[in-house]
Amino acid sequence: MIYLQKATIRDISKYDGEEVEIRGWVYNKRSSGKIHFLLIRDGTGIIQGVAGKNDVSPEVFESFNPLTQESSIIVTGKVRADKRAPGGYELTLTGLKVIQIVKDYPISPKEHGVEFLMEHRHLWLRSKKQHATMLIRHEIIKSIRNFLDNNGFILMDTPILTPSACEGTTTLFETPYFDTKAYLTQSGQLYNEANCIALGKVYCFGPTFRAEKSKTRRHLMEFWMVEPEMAYVELEENMDIQEQFVSYIVKKVLENRSEELKTLERDTAPLEKIKAPFPRITYDEAVNILKEKGLPFEWGGDFGAPDETAISENFDKPVFITHYPTQCKAFYMKPEEDRPEVCLGADLIAPEGYGEIIGGGERISDPELLIKRIEEHKLPKEDYQWYIDLRLYGTVPHSGFGLGIERTIAWICGLKHIRETIPYPRMLERIYP
Ligand code: 4AD
Ligand code: MG
C-alpha cells in the first residue's frame with residue numbers, strides 16, 4: 001500500500017507527480033458522461049480535479065455523480081503540473097470518500113444581492129473573493145505586528161470595558177456594570193499614554209466600538225484599530241513613523257498576496273507607488289483645495305467623505321492633513337503654541353477616495369491645559385484623574401496614532417464597501433449572523 005500524503009492545496013507544488021489526499025469541499029462540478037471536472041477547495045485554495053471514465057473503476061466514476069456544491073469530500077489524486085490550470089496544478093482523481101452530500105446550498109455561482117449575501121455571511125466567507133479578502137486581512141495584521149515588534153514597540157492590551165470616553169461622548173456604547181455603568185472602548189489611546197511613560201514605545205491592537213448612527217460605506221460599529229503611542233515623540237516624527245509603517249504594510253501585501261489581489265481584480269499600479277515620504281498639507285491648504293474645486297466648505301468643521309475624496313484626488317500617495325481646528329478634534333489634542341485655534345493633530349487620508357485611515361497627533365502634556373480642556377468638553381473630571389496624573393508625574397511630549405484595520409483593508413483590496421473587510425461586520429441595521 002502506498003502512503004498518501006495529506007496535502008493542502010496551497011502547498012500542492014511540493015507534491016508534483018505524487019499521489020495525495022485532499023480533505024475539503026466541492027466548489028463546483030461539471031460532468032459529461034465521460035469525465036467529471038471538480039473544483040475542490042480545502043480552505044487554503046482551490047484546485048481542479050479530473051476523473052475520466054477510462055482512468056478509474058466504474059464504481060469510483062459513479063461515486064462522483066451525486067456530488068453537489070459544498071458537499072464535504074476527501075479525494076485522492078495524482079498531482080500534475082499544468083500551465084493552463086489556475087494555480088499551475090491539477091489533480092488526476094483516483095478516489096473519493098463522501099462525508100456529506102449537501103442539499104440546496106443557498107449561495108449558487110449566480111449573482112446574489114448584497115443583503116442576501118450578508119444574511120448568509122457565515123457561508124459567503126467560503127467564496128473566492130471573500131476568501132482572498134480574509135487572507136489579505138491576515139497579511140495586513142501580520143505585517144502590522146511585525147513592523148511594530150521589529151521596531152521596539154511593546155504590545156500592551158488596553159481594556160474593552162471602560163469608565164469614560166476617549167473620542168467624544170456621543171458615540172458610546174453603554175453597558176451595565178454591576179451597580180454602575182461602563183462603556184465599550186472607543187480607543188485604547190488614553191491607557192497607552194500611561195503605558196508609553198512606563199515602557200517607552202507601545203501599541204494596543206483590538207476591537208473598538210462606536211455607536212455611530214451613520215450608514216456610510218466607511219463606518220462599522222465594531223472595528224479593529226492598532227494604536228501606537230510614543231514618549232518623547234512630537235508631531236513630525238509621529239508622521240515619519242506612520243509613513244514608514246503604511247509603506248511597509250502595502251509592500252508586504254504586494255509581496256505575499258499578489259494572487260489574492262488578482263482574485264479581487266485590484267489594479268496594483270497605484271499600490272506600487274505607496275512609498276515614504278508622503279505629502280503633508282495643513283488643514284488650511286486642504287480647505288483651499290476644496291474651494292478651488294468649487295466644493296462648499298466652511299473653516300472649522302471636520303472633513304466629510306466627499307471632501308476627503310476630493311482632497312485625495314490631488315495626490316497619488318496617502319496625504320497627511322495637519323493643524324485641524326482645535327474645535328473639531330478631541331479634548332486631548334495639543335494646540336499649536338502661537339495659534340491655539342489649531343491643534344497638532346494629523347490624519348492620514350488614503351488615495352483613490354478611500355478616506356481617512358489614520359487619526360493621530362501630539363497630546364497635551366501640560367496639566368493645567370488638560371484640566372481646562374476636560375472642563376470645556378464637560379467631561380467628568382473625577383473619571384480622568386488618573387489621566388491627569390500622567391501630566392503631574394513625569395510629563396513629556398508624546399504622540400501616537402490609530403490605524404483603522406478595516407479602512408486599510410478596503411483601500412488595499414480596492415473594496416468600495418467596508419462590510420466585506422471583516423468576517424462578521426456590525427452595522428447600523430445588522431448584527432446577524
Ligand atoms: O480618528 P479616530 O477616531 O482616532 C482615534 O480613535 C484616536 N484615539 C487614535 C489614536 O490617536 N490612538 O480613529 C482612528 C481610525 C480612523 O482613522 C479610521 O481609520 C478608523 O479608526 N475608524 C473607523 N473604522 C471603521 N468604522 C468606524 N466607525 C471608524 N471610526 C474610526
Ligand atoms: Mg478621525
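Trainee: Which strand gives the most to the lining of the largest pocket?
Mentor: Good place to start, and keep in mind that this is a predicted model. The elements giving two or more residues to that lining are strand 12 (222-231), helix 10 (305-312), strand 18 (355-362), strand 19 (398-404) and helix 13 (405-413). With five residues, the top contributor is strand 18.

Trainee: How many residues line the largest pocket, and how do they divide by class?
Mentor: The space in this pocket comes to about 1,100 Å³. Its lining has 45 residues, with E167, R210, E212, D302 and E356 nearest the centre. By class, the lining is made up of 18 nonpolar, 14 polar and 13 charged residues.

Trainee: Which element gives the most to the shell around ligand 1?
Mentor: The shell holds 24 residues, divided into eight nonpolar, eight polar and eight charged. With five residues, the leading element is strand 18.

Trainee: What percentage of the accessible area of ligand 1 does the protein cover?
Mentor: Let's begin with the polar atoms. A nitrogen of ligand 1 is 2.7 Å from a side-chain N or O atom of E167, while ligand oxygen atoms lie 2.5 Å from one in E356 and 2.9 Å from a polar side-chain atom of R363. Of the 630 Å² that ligand 1 has on its own, the protein covers 94%.

Definitions and conventions:
Residues numbered from 1 in each chain as written. Chains lettered and ligands numbered in written order. Predicted model: local features only at pLDDT ≥ 70, side-chain atom pairs only at ≥ 80, totals over all residues. Heavy atoms only, no water. 1 Å grid on protein atoms, 1.4 Å probe; cavity = no way out; pocket = protein on both sides within 12 Å on 5 of 7 lines; lining within 4 Å. Points joined across faces, edges and corners; volume = space filled by probe spheres on them. Helix = DSSP H or I, 4+ residues; strand = E, 2+ residues; numbered from the N terminus. Nonpolar A, V, L, I, M, F, W, Y, C, P; charged D, E, K, R; others polar. Near = heavy atom within 4 Å. Polar contact = N/O pair within 3.5 Å; in protein donor to acceptor, adjacent residues only side chain to side chain. Areas by Shrake-Rupley, 256 points an atom, 1.4 Å probe, with all protein chains shown as cover.
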